[in-house]
Amino acid sequence: MFDLLHYGFMQRALLGSFLVGTVCSFIGVYVVLRGMAFMGDGIAHASFGGVTLGFLLGINPLFTAIVFALGTAGLIQFAQRRARIRLDTAIGIFFSFTMALAILFIGLMRSYDARLYGYLFGNVLGMSSGNLVLTAALAVVVTAAIALLFKEFKFLAFDEEAARAAGLPTPLLSTLLLLLVALTIVVSIKAVGIILVASLLVAPAATAYQLTNRFGTMFFLSWLAGVVSCLSGMFISYWLNIPSGASIVLVATLLFALAAVFSPKRRPCKVCGAEIAK
Amino acid sequence: MNNQLTPEPAIMVKTGLAVQFRNVSVTFPETVGLEDVSLDVATGEFLAVIGPNGSGKTTLLRTILGLANPARGTVTVLGTHPAQARRHIGYVPQRTPFDPKFPVSVFDVALMGTYGALGILHAPDQRDKGRVMGLLEAVGLADVASHVAGHLSGGQQQRLLIARALAAQPQLLLLDEPTSGVDVASQKSIIELIRGLHDKLKLTTLLVTHDINEVMPCLDKVLYLNRRVYAFGTCQDVLNRETLEKLYQSPVLIVEQEGRPYVIVSDRHV
Amino acid sequence: MTKFQFQGRVVWGMDLGFWTLFELWALGFGLFGILTPALILLFTSCSRPAPEKARIHIVTTLGVLADWARQVGGDRVQVTSLLTGLEGEHTYEVKPEDTRLIARAGILFRVGLGLEDWLNPVIQNAGNPRLVIVEASANVPTLQDANGREHQNPLGNPHVWLDPKLAEIGIENLVAALVRVDPTGESLYRTRARAYSLRLDSLTQALTALVVELPDCRFIAFHEAWPYFAERFGFQIAASVEPVPGHEPSAREIARLTDLIRTQGIRVIGSEPQLPSDITTMLTRETGVRVAILTPLTGAIHGVDDYVSLIRYNIETLVSALQ
């Protein structure tokens, strides 16, 4: 069973999915607390536009994916703040806009490139050392940003208005958080694919949310759920010969379901007796 | 009260005025927020801002914070531009209930008040944490410090917001309708708490409310606001029937009850 | 840093205020997204030249078949191929102009055996009742895939054109159709077909001699295009990377391939320009196996534009990799 660890491609795949699970679970805490799940999905689909453009032009698709992800995040924010369009409307519009561009770019390609399938559904087995280095670098950047701005993001997530009134540069912080989410998504596309990356962003953090009332603990539990999902998902995909992206997300969803059912938050507060309204 | 609560003056207030408005107008795309408002608040004064709903009271506070920009006029706060003064202002916003599932404790929320002043890369140290704990004691929340913030009652959440605002060691305290959404018994204790804090800390305080009786007996100055300034001055100047009737556009009766004046506005709940 | 502010000014429903660099860039990105499709569409609209009236119009699916048709028909035919060679023969996507070509064609020359099923709706829509359809695989004895695994089409693996002997049967089929459509050209067609067949025979002999000298003639094919080719020239296909073209192998399958390369000492793996994949590169790095770039279609590799070059190129590439 564990002889599969002898293969270089498997070692890289496990390490890569570990890194992706880590960074998704950290950023996922903010995605869940600020209700950015739809935004995450929108950015993921927007990255597909970037990937297809990269294939069409013969450029590294991860690079064009980042451009599209950041650009779409910026446009959504622009629409929301300047044109005062509702957030979910803005996301819906730019999401479909970039998907339409993706379909256009595919139509302009001479022939179907099977590697596109890998970007849609995940191709962690094809991870090269170069991919791994890039993933590790981005994981470090995102984690460092979260660590440095830990208290600022905490205040931002809890009460944005009060944070601004207290002197924190909330528009800047909010934009920075959005950019970190976009970067995380692009990095994770290789592992789980564009269609599933939003779930890897949400499920581990949502699991942690069910299980704890402490902010710091939420990060730890989210990380645990993320890493367990990724590693066990990879092993399961090998045993059962099923796609790795799917098995990772199925494990993550199972963990969430268990947490939701056995959640201590669903019972009245032991200390203060408060009934949870929602 | 211990020394931890005394704010350290970080800005030299040159003119002795904490807040100064000169002909300030604030407009929004759809409505007018404030129209030609002028007022002065001296350091250490208590200003009650009274006005009906939608009269621009919140806009006034936001303008002081630099969150709303005046189309006309000048605003000076603590001797400088509002945005610069922001980290020396404690703001207690109009309370919206906390998300009961958000994973922060009461202490966490109070500590957040220090983040603006600390800046990036500096974490709160033991001194800051001790000070915040003292604030929680002062507002009567010390025994629930490790509870989930969202589990507190309305009155308790309001006190927490006050503690958070004071955590920044501000030189100016702004309170926006601190008794809204709070049960009647707690309302009184909250107002007493605020007046007590003002008394002990000599902190310049602006309290915004739609109910004039909340701020009786009157302290220092009163401002009647309904987009424009209807009256601004000391209690003696302003607290009389004629001025009040002009503000409320209704017959007004001032009654003495246990040595305290009480305003009754006929056929309209204030 | 000075900030230029449009105080509370609203233009076209947008609240203008201080614009960050990021917002400007995002706006630029948005404009790019709208302009790019327009520009691309402007620059890529091109059409194939209309065939002349005097000749017989033959439309083929593959470039290889087009080459055969030109060899046989000479000046009496005008041949167009649908695939340019850069597209995969299994994954080709029909273009609107293909329908026009089929509508005006006299003969459609295709491989058959289900390879070009994607063409069936086009043939129906083209509305060309006098179209003569010729299949290169008719009367050809078929093989299944390597290792006896049954091909997707139960009738057999369609890549018959890669065996020059079987090519001759396909050419015969075309000649029969040409004679039916244009009886006056019969002697020309038969003479040219015979000459070409002789050429193919001597080519096969010469190239087989190269293969016989190899100590080890095993390789891993990329997809199941090579059974007939291997059978004719004496190669042995140990396994396929993508038995179903476009479907990348799972972790277990990659592990199996790795094991096969290591334990059986397979030294060469094929890659094909029509089916780009990261897996071959990865296997190379992992095991040190050599990559031979093979192509089942003409037009994909520079200089490999006709059938004879195609066969020669594939043999020579594979042989040199196996040295």
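**Helix pair and sheet**

Helices α2(A) and α4(A) are roughly parallel to each other, a label kept for angles under 35 degrees, with over 145 counting as roughly antiparallel, 65 to 115 as roughly perpendicular and the rest as oblique. This is a predicted model, in which local features need pLDDT of at least 70 and side-chain atom pairs count only at pLDDT 80 or more, while totals for chains, interfaces and linings use all residues. Residues are numbered from 1 along each chain as its sequence is written, and chains are lettered from A and ligands numbered from 1 in the order in which they are written.

The axes of α2 (residues 37-57) and α4 (residues 87-108) of chain A come within 8 Å and cross at roughly 20 degrees; axes are lines fitted to C-alpha atoms, for helices over the stretch in contact, and angles run from 0 to 180 degrees between N-to-C directions. Helices (H or I, at least four residues) and strands (E, at least two) are DSSP runs, numbered from the N terminus.

Turning to chain B, there is an open sheet of three strands in the order β2-β1-β4, with antiparallel pairing, where two strands pair if DSSP finds at least two bridges between them. Strands β2 (32-42) and β4 (72-77) of chain B stand at the edges with a single partner strand each, so one side of each has no neighbour in the sheet. The twist from one strand to the next averages 20 degrees. Strand β1 (residues 17-27) of chain B pairs with β2(B) in the antiparallel sense over seven bridges, and B:Val24 has B:Val37 in β2(B) as its bridge partner.
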